[in-house]
Amino acid sequence: MEVIYQICSFVKKDLTWETAIQATNYLKKENVLKKLISLDIFYGLKSKDSYNSQDKNLNVISPLKSIYKNKLVNNILLPIIFDKLSSIFFVEKCDIFHGWANHSLLSIKKAKKLGSKCVLEVESAHILEETKILIREARRWGLNYSYSMFNIRRLMNEYFTTDYILVPSEYVKQSFLSQGFFDEKIKKINFGIEPDELFPNNYEREKFRIIYTGAVTLRKGIQYLLLALQNLRLKNSELVVIGGIEERMRDLIVNLLKKVEIPVKFLGRLPRKRLLNELSASSLYVFPSLSDGWAMTVTEAMARGLPIITTKNVGSSELIENGKEGFVIPIRDVKSLRECILYFYDNPSEIKRMGKNSFEKISKYTWTEYGKNLISFYNEILHK
């Protein structure tokens, strides 16, 4: 089996999805990665007959690096340039072409012409489903929500052109089924966690410490966490928020904080080691997102032994059984969120019980298992 894997990013820690790093590392280990097409490195491995593991052809596309950090260019122009160059110069005959959504339309078309089976990696809910949620949310708070119809059409074209769509969760899968896609086209493989990030919690806390990690945006739903905490007098407690604040959220956050009576610490973006340490020092993880295909932030918190409160629209919520590892609530449900927080505050023994269950559950979801499932999926579609 020969696989070409394509992503419009630098495949390095903190610069791309952990998924791409783990997937390509596993494919290389299993000797099935023919080529990695990324912004920085293209691995051109020779055919099996002349393969030499010491011989790697490394190329860097310098022009793409210079525009990578411009948001407008990065979201619209860069994927088109990258996809066009890839389809012309780098996509070649292989058994499986695996490309990421919004980066791969022309490359998928080229690969299909060459006889490859094509897989589109989609990390988020169907674009129409997610856009509908976010437009409604922006209107709810009197904010503007800008989106690109060009990008939406391009994504839709990718959805219909590819042979298979690979998703991380049941939430994402259902968003495609609700848009009329056949079940046979959608494959779900849950993401994993690094074993060295698993760290048991001792649950010895001086304070009831709620923690939220992730960007502070409307989509992530932190506004509902702040609403749930308003007028709650919880002695010896605090909320810690880790993540960059979107500019348009600042006034909204300031207004919501006026009625929050517990201390709130905004720590901004933190290095990964510090972030994990902050999780270990907390009592409860809350992530009330309106739409997240998986949310590694949830699994990171589970790996630190925290009970979880999250929503049905977060992919990794399928790992949470109500009353066992935490609670899963509907989006925008301030009443339920408030009740769940109070439940843990009033029952500290439940923090430990559900936290331990959370840790045990995520321990079973490794990146090695993800890699095995990915190879199994490739073999399955090759024999159809």
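Me: What share of the 384 residues in the chain is buried?
Reply: This is a predicted model, and a residue is counted as buried when its relative accessible area is under 20%. By that criterion, the buried share of the 384 residues is 55%.

Me: How many helices and strands does the chain have?
Reply: The chain contains both kinds of element. The count is 14 helices and 12 strands.

Me: Among contacts between residues at least 6 apart in sequence, what percentage joins residues at least 24 apart?
Reply: A contact here requires heavy atoms within 4.5 Å. Taking the contacts in the chain between residues at least 6 apart, the part that joins residues at least 24 apart is 69%.

Me: Are the helices α1 and α14 roughly parallel or roughly perpendicular to each other?
Reply: Helix α1 covers residues 18-29 and helix α14 covers residues 367-382; their axes come within 9 Å and cross at roughly 70 degrees. Angles of 65 to 115 degrees count as roughly perpendicular. The two helices, α1 and α14, are therefore roughly perpendicular.

Me: Is Glu129 buried or exposed?
Reply: Glu129 lies in helix α5, which spans residues 127-140. Its relative accessible area is 19%, and the limit for a buried residue is under 20%. Glu129 is therefore buried.

Me: Which residues make polar contacts with the side chain of Glu129, and at what distances?
Reply: Beyond its neighbours within four places in sequence, Glu129 is in contact with Ser175, Ser178 and Gln179. Polar contacts join its side chain to those of Ser178, at 3.5 Å, and Gln179, at 2.7 Å.

Me: How far apart in space are Glu129 and Ser291?
Reply: In sequence, Glu129 and Ser291 are separated by 162 residues. From C-alpha to C-alpha, their separation in space is 9.2 Å.

Me: Which residue makes a polar contact with the side chain of Lys34?
Reply: Lys34 belongs to strand β2, residues 33-37. With a relative accessible area of 14%, Lys34 is buried. Its side chain forms a polar contact of 3.0 Å with the side chain of Glu92.

Notes. Residues numbered from 1 in each chain as written. Predicted model: local features only at pLDDT ≥ 70, side-chain atom pairs only at ≥ 80, totals over all residues. Heavy atoms only, no water. Helix = DSSP H or I, 4+ residues; strand = E, 2+ residues; numbered from the N terminus. Buried < 20%, exposed > 50% of the residue type's maximum accessible area, 1.4 Å probe, protein only. Polar contact = N/O pair within 3.5 Å; in protein donor to acceptor, adjacent residues only side chain to side chain. Axes fitted to C-alpha atoms, helices over the stretch in contact; angles between N-to-C directions. Parallel < 35°, antiparallel > 145°, perpendicular 65-115°, else oblique.
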